[in-house]
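Q: I am new to reading protein structures. Could you take me through one, feature by feature?

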Amino acid sequence: MKLDSKIPEGPLAEKWTKHKFNLKLVNPANKRKYDVIVVGTGLAGASAAASLAELGYNVKAFCFQDSPRRAHSIAAQGGVNAAKNYQNDGDSVYRLFYDTIKGGDYRAREGNVYRLAEVSVNIIDQCVAQGVPFAREYGGLLANRSFGGAQVSRTFYARGQTGQQLLLGAYSALNRQIANGKVKMYTRSEMLDVVVVDGKARGIITRDLITGKVDSHSAHIVLLCTGGYSNVFFLSTSAKGCNATAIWRAHKKGAFFGNPCFTQIHPTCIPVSGDHQSKLTLMSESLRNDGRVWVPKKAMPGLKSKDAANIPEADRDYFLERKYPAFGNLVPRDVASRNAKQMCDEGRGVGSGLAVFLDFTDAIKRLGEDNIRAKYGNLFDMYAQITGENPYKGPMMIYPAVHYTMGGLWVDYNLQTTIPGLYALGECNFSDHGANRLGASALMQGLADGYFVIPYTVGDYLATIGWTDKIETDHPAFKEAMDGVNERVNKLLSIKGKKTVDEFHRELGLTMWEYCGMARNEAGLKKAKKIIQDLKAEFWTNVNVIGTSNELNQELEKAGRVADFIELGELMVDDALARSESCGGHFREESQTPEGEALRNDDLFAFASAWEYKGDGQPEVLNKEELKFENVKLTQRSYK
Ligand SMILES: Cc1cc2nc3c(=O)[nH]c(=O)nc-3n(C[C@H](O)[C@H](O)[C@H](O)COP(=O)(O)OP(=O)(O)OC[C@H]3O[C@@H](n4cnc5c(N)ncnc54)[C@H](O)[C@@H]3O)c2cc1C
């Protein structure tokens with residue numbers, strides 16, 4: 001299949017404006033003749049559902065939580081980027097575009113990224129109008145702080161709870177439409193399949209998580225806004241419920257999967273403390289504004305936070321400041337993570353050996369404890385509660401952890417997948433971050449997709465097909481898909497093996513972290529592929545799923561998701577194997593500069609991979625979307 005990214009012709013800065021003009025419109029009176037399904041109510045889904053309902057479309061929205069406002073987006077801490085240049089420090093739409101392309105190690109589309117930077121300014125206005133309480137300066141203007149990969153301050157924030165406040169804004173807009181009768185909300189509902197008829201997405205199959213009832217819903221278009229798949233690693237900073245099921249099932253119905261191996265490892269997480277853990281905790285990147293990262297110059301096994309103050313300055317290695325003087329502690333996440341790993345690999349890690357210090361002593365001296373508390377108080381409290389240590393008195397200990405997935409369903413400029421009528425928004429698509437996402441850019445992208453891109457682009461498709469082109473749920477394709485879902489549920493319950501779902505998930509996660517984590521090599525990836533294939537075979541003969549299908553059964557929910565994670569894990573390994581260059585978060589040990597930085601190979605790998613499912617047990621086919629760089633020059637990234 002030939003991939004058509006539909007990036008408009010013409011100068012970069014005019015592409016989106018021209019495109020909007022060229023897209024077909026649905027007249028206001030006809031919008032109510034179209035039905036739209038939105039799966040997911042995080043920032044991407046809530047903003048899309050509210051905006052489309054406001055336009056007049058009939059929307060059905062689904063989420064698996066008990067309320068839309070419990071979507072994982074609520075966990076986002078540090079902030080949201082926008083090229084407002086309120087600081088007058090040299091920011092511009094072009095600079096945000098450039099930083100994002102460079103931060104992503106030149107593996108994202110220029111056209112998409114420029115549009116993202118362009119609409120970023122509208123996001124802030126929209127959210128302020130909704131009442132989002134962004135932090136303000138003394139004079140009342142919105143405040144900014146810095147995030148990695150940028151030398152300007154462009155991150156808008158609401159203490160360490162930016163995601164929560166933004167989601168409350170989007171959720172209010174969504175609730176208004178629910179009250180108006182334009183959105184019908186289905187909570188505690190899990191989408192388990194997409195229905196495709198005549199090559200177009202026509203609806204979805206859901207399971208009510210309380211009663212177990214399997215149902216079908218039809219619409220003219222389906223929007224997936226179902227978040228990222230970091231939990232394939234078992235341990236990650238994502239909410240436990242985050243999963244890949246919606247996009248994986250869509251993939252198996254024909255939606256290509258873009259760059260599955262591009263995973264983000266975040267440098268500032270609370271280190272793993274034992275094998276009892278089921279998730280990891282992020283300490284926001286915003287902390288790197290004031291915290292200084294260091295390890296002792298010579299190995300000091302077991303060094304504790306409370307003893308850090310005894311280490312003289314001369315015996316400390318502020319390795320990020322030393323190696324990257326221009327960006328210092330604010331290098332992008334992939335660079336900071338790899339360096340922390342390198343220090344620990346050299347034996348200079350602190351605490352358990354798999355940790356480095358993040359030290360606020362200088363900032364507290366400079367700004368005072370009260371100021372640090374005002375900026376980061378909730379993050380410091382969280383750290384103290386989890387570790388039992390007081391971060392105002394000694395440095396925090398941090399270590400990289402899986403945090404975000406840049407990969408996702410391949411989408412064109414209109415956010416449409418390779419299945420006409422099926423769209424993907426927010427973290428579940430592969431679009432704008434290339435091989436490494438910059439901090440505070442996920443919220444920007446989810447809201448850009450939902451508030452400012454999709455309301456324009458769906459109109460073009462809907463106006464083209466017309467409102468009569470809809471298939472109702474009595475069509476045999478819906479029954480067939482429902483039968484498939486029921487069979488799978490029954491199969492999972494009937495195996496009655498010896499291992500729990502969590503045991504399989506943990507084994508998968510360890511394999512992914514070991515061989516497809518912060519560093520990858522060919523031999524390790526091949527080994528991982530074999531382990532995952534064996535794990536899949538064992539899962540379907542030896543998993544033990546307790547309970548029944550017609551009740552609240554979280555083991556059953558998890559089982560379906562872990563089965564999908566296992567298959568996705570194998571595809572991630574295939575993708576990492578096929579890309580024998582290093583780029584951004586994908587570090588192939590075979591491809592590095594003499595200084596140990598990621599070494600790209602633009603001649604062979606300046607493409608986005610788009611994997612095509614060919615049937616159970618069949619190898620997937622790799623399609624390549626060539627990435628054209630007409631505005632930025634491809635260079636080796638340098639943050640020195
Ligand atoms: C701890 C943490 C802090 C972060 N901080 C920041 C930050 O400061 N700035 C930033 O830019 N980014 C941050 N991120 C990243 C950012 O939070 C996410 O990328 C973003 O919120 C994803 O939004 P989303 O709308 O795409 O998906 P989500 O918010 O994950 O929402 C997914 C939705 O899909 C639904 N869903 C999923 N599958 C199904 C299914 N099968 N059936 C029905 N419903 C389904 C869920 O119920 C949910 O409603 C952070 C991430 C983490 C983990």
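**Strands, ligand shell and domains**

A: This is a predicted model. Start with a pair of strands: E6 and strand E7 (residues 200-208) are antiparallel partners joined over eight bridges.

Q: How do strands of a sheet pair?

A: Strands of a sheet pair through backbone hydrogen bonds, in either a parallel or an antiparallel way. Here, valine 194 stands opposite isoleucine 204 in E7.

Q: In what order do the three strands of the open sheet lie?

A: The order is E6-E7-E8, with antiparallel pairing. E6 and strand E8 (214-218) are the edge strands, each pairing on one side only. From one strand to the next, the twist averages 25 degrees.

Q: How many residues surround the ligand, and which are the closest?

A: The ligand is surrounded by 46 residues, and the closest are Gly40, Gly42, Ser73, Gly227 and Gly426. Among the elements that give two or more residues to this shell are helix H3 (43-55), strand E6 (189-197) and helix H12 (441-465). H12 gives the most, with four residues. By class, the shell has 20 nonpolar, 24 polar and two charged residues.

Q: Into which domains is the protein divided?

A: The division is into domain 1 (12-262 + 406-465), domain 2 (266-403) and domain 3 (496-601). The centres of domain 2 and domain 3, taken over C-alpha atoms, are separated by 28 Å. Their contact takes six residues from domain 2 and five residues from domain 3.

Q: Which helix gives the most to the side of domain 2 that touches domain 3?

A: Helix H9 (residues 333-345) does, with five residues. The residues on that side of domain 2 divide into one nonpolar, two polar and three charged.

How values were computed: Residues numbered from 1 in each chain as written. Predicted model: local features only at pLDDT ≥ 70, side-chain atom pairs only at ≥ 80, totals over all residues. Domains from an automatic or database assignment. Contact = placed C-beta atoms within 7 Å. Nonpolar A, V, L, I, M, F, W, Y, C, P; charged D, E, K, R; others polar. Near = placed C-beta within 6 Å. Pairing = 2+ DSSP bridges. Axes fitted to C-alpha atoms, helices over the stretch in contact; angles between N-to-C directions.
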